[in-house]
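Here are a few friendly notes to read alongside the model.

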Amino acid sequence: MTTRKVDSQTLATVVGHYMKAVSKELVSRGIAVGAVRSCGPYKTEEHAFDDVEGEVSVTAGGAGRPEYVLHWSGVSGWGIGPDQKIPFLRYARWMHAGLLPQPAQVASFCASFVRDPSRAGYKDAPTYRYAGEGFPDLVRRLAVHTPAEEQPRASCHASVSARSSLRRRFLS
């Protein structure tokens, strides 16, 4: 376990840029992308979350088609399932390609799911790391998707603070 901590905003930022890279790949393949979200650890009076995650909502083939949530978990990697109106974990399919596969691999997984949900991925979520641990290594690995001017600096490293969920839209 790493003792050095990374702040929640840094985590949400680097995850957000990874979501943006995946979104760009999806769009280049003709898959419509809606909202993009990333979140780092936070704690409120009602809820606490001690890891990182990101989501990209996609529409299969345009308006009126099924909507899906392409979800990245800092523990299990990529999964895809019906939109959030239905319990995600009950219907999700998991990629099983490591924690941080290349955006092109994620887009291929998404396209496979859109074509035939029952044949894409696996029902069980894998475990690649423990929630709340190894943040410095995760930031380092995600930084390849982050523009140079937004690269995490050593001064960004601090303890995870109690914050509200960081939600950002990275598509412009």
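**Notes on the packing**

1. In α4, the buried residues are Phe135, Pro136, Leu138, Val139 and Leu142; buried means under 20% relative accessible area, with exposed over 50% and partly exposed in between (1.4 Å probe, protein chains only). Seen down the α4 axis, these buried residues fall within an arc of 160 degrees, so they line one face of the helix; the arc is that of the directions from the helix axis to the C-beta atoms. Their packing partners are α1 and β5, where contact means heavy atoms within 4.5 Å. Helices (H or I, at least four residues) and strands (E, at least two) are DSSP runs, numbered from the N terminus.

2. A word on the basis: this is a predicted model, in which local features need pLDDT of at least 70 and side-chain atom pairs count only at pLDDT 80 or more, while totals for chains, interfaces and linings use all residues. Residues are numbered from 1 along each chain as its sequence is written, and side-chain values use heavy atoms, with hydrogens and water left out.

3. The largest nonpolar core has 32 residues, of which Tyr18, Leu26, Leu70, Trp72 and Trp78 touch the most other members. A nonpolar core is a set of buried Ala, Val, Leu, Ile, Met, Phe, Trp, Tyr and Cys residues joined through side-chain atoms within 4.5 Å. Two or more residues each come from α1, β4 (53-59), β5 (67-73), β6 (77-82), α3 (103-115) and α4 (135-142). The top contributor is α1, with seven residues.

4. What is the geometry of the aromatic pair formed by Tyr18 and Trp72? This pair is edge-to-face, at 6.1 Å centre to centre and 85 degrees between the planes. (Rings of Phe, Tyr and Trp, the last by its six-membered ring, pair if their centres lie within 6.5 Å; planes under 30 degrees apart count as stacked, over 60 as edge-to-face and the rest as tilted.) The pair joins helix α1 to strand β5, across 54 residues of chain, and both Tyr18 and Trp72 are buried. Together with Trp78, they form one aromatic cluster.

5. Trp72 is worth a look for its neighbours: leaving aside residues up to four places away in sequence, its contacts include Val15, Met19, Leu99, Leu100, Leu138 and Leu142.

6. For α1 itself (residues 8-28), the 21 residues should span 30 Å at 1.5 Å a residue, and the end C-alpha atoms are 30 Å apart, which agrees; the expected span is 1.5 Å times one less than the number of residues. Just after α1, Gly30 has a positive phi of about 80 degrees.
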